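Thank you for having me today. Please take a moment with the sequence and the structure, and then I will walk through a few places in turn.

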Amino acid sequence: MIGNINHPASLIVVLLMLATVASSQVKVTVDRNTGRAATRDFKFKSVSSPAKDHAAAHARLSLVVGQRDPNGAGLNALTDGLLPASEDDPAANFFFNADTDGGRFLMDLGGVIEVSQVNTYSWHSESRAPQVYNLYASDGSDPKFNPRPDANTDPSACGWKLIATVDTRPKQGEVGGQYGVSIADSTGALGKYRYLLFDCVETETDDPWGNTFYSEIDVVAKK
Ligand SMILES: [Ca+2]
């Protein structure tokens, strides 16, 4: 029995109860290795190491906004299961061009799957190590769905859902190292999606070297 619902305090309690029932909370876990802990095994305290076999291993990737840095690898480096050999191995990472403010790339999983986790990995000695991005997802079913929202288009206005905002920059001190990010949900699944859109932002604008060295992206399907 719920008491007097007209009382503001009771209403708040009811709303909290409803929120708990429908609870679905996205959790972003960030791990960072520095010094000798940063090895080509990408072994982290909590975040799983990159896996060879996962739901995005054969995903199609395409650039939507921005330019890739020609000194780096193509987008396929994100799902090739190969990891950089060192903290400065541009050929084994995808990154947006120097002196540009990031960009967007699209990942097409080939069909709708129930996504449990999205894990992203990066490694660099300095400002190109941390990860700053928004992750959007879509099943493609919205009539307004635009798979390639340009820089002036808000993805959430054309069939995309903002899943998480990631920013692994330390509050102070050196920012270099190896980062592992895991985006998951308290219910065990982020949702049923076919498309993921990574909206990447530079880590700093003090110099041209603010675009993250992304080494690998894993998508884990719910079992
Ligand atoms: Ca790779």
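Which residues coordinate the calcium ion? Before I answer, please keep in mind that what you see is a predicted model. The calcium ion is held by Ala77, Leu82 and Ser215, each through an atom labelled O, and by Asp80 through OD and Glu216 through OE, at 2.2 to 2.5 Å. If you follow these donors along the chain, you find the spacing A-x2-D-x1-L-x132-S-E. Two of these residues can also be placed by their accessibility: Asp80 counts as partly exposed, with a relative accessibility of 34%, while Leu82 is exposed, because its relative accessible area of 51% falls over the 50% cut-off.

Let me turn now to the salt bridges, of which a search of the whole structure finds five. As a general point, side chains of opposite charge can pair when their charged atoms come close. Arg60 pairs in this way with Asp108, and their closest N and O atoms are 3.2 Å apart.

Arg194 is partly exposed, with a relative accessible area of 24%. Taken together, Arg60, Asp108 and Arg194 form a network of salt bridges.

A further salt bridge joins Arg104 and Asp199, with 2.8 Å between the closest N and O atoms. Arg104 lies in strand β3 and Asp199 in strand β7, residues 191–200, so that this pair, 95 residues apart, also links distant parts of the chain. Are these two residues buried or exposed? Both Arg104 and Asp199 are buried.

Finally, let us look at the surface, where a patch of negative charge gathers Glu87, Asp88, Asp99, Glu126, Glu174, Asp206 and Asp207. Glu126, one of these, lies in the loop between β3 and β4, and it is exposed at 51% relative accessible area. There is also a nonpolar surface patch of about 180 Å², made by Val26, Val28 and Val30. Val30 is part of strand β1, residues 26–33, and counts as partly exposed at 37%.

Terms used
Residues are numbered from 1 along each chain as its sequence is written. This is a predicted model: local features need pLDDT of at least 70, side-chain atom pairs count only at pLDDT 80 or more; totals for chains, interfaces and linings use all residues. Side-chain values use heavy atoms; hydrogens and water are left out. Donors are N, O and S atoms within 2.8 Å of the metal (3.2 Å for Na, K and Ca); water is not among the atoms, so sites may look incomplete. Buried means under 20% relative accessible area, exposed over 50%, partly exposed in between (1.4 Å probe, protein chains only). Patches are made of residues with over 30% relative accessible area and no salt bridge: like charges are joined within 9 Å, nonpolar side chains (Val, Leu, Ile, Met, Phe, Trp, Tyr) within 5 Å. Accessible areas come from the Shrake-Rupley method with a 1.4 Å probe; for residues, only the protein chains shown count as cover. A salt bridge is a side-chain nitrogen of Lys or Arg within 4 Å of a carboxyl oxygen of Asp or Glu. Lys and Arg count as positive and Asp and Glu as negative; His and the chain ends are not counted. The place of a charge is taken as NZ of Lys, CZ of Arg, CG of Asp or CD of Glu. Helices (H or I, at least four residues) and strands (E, at least two) are DSSP runs, numbered from the N terminus.
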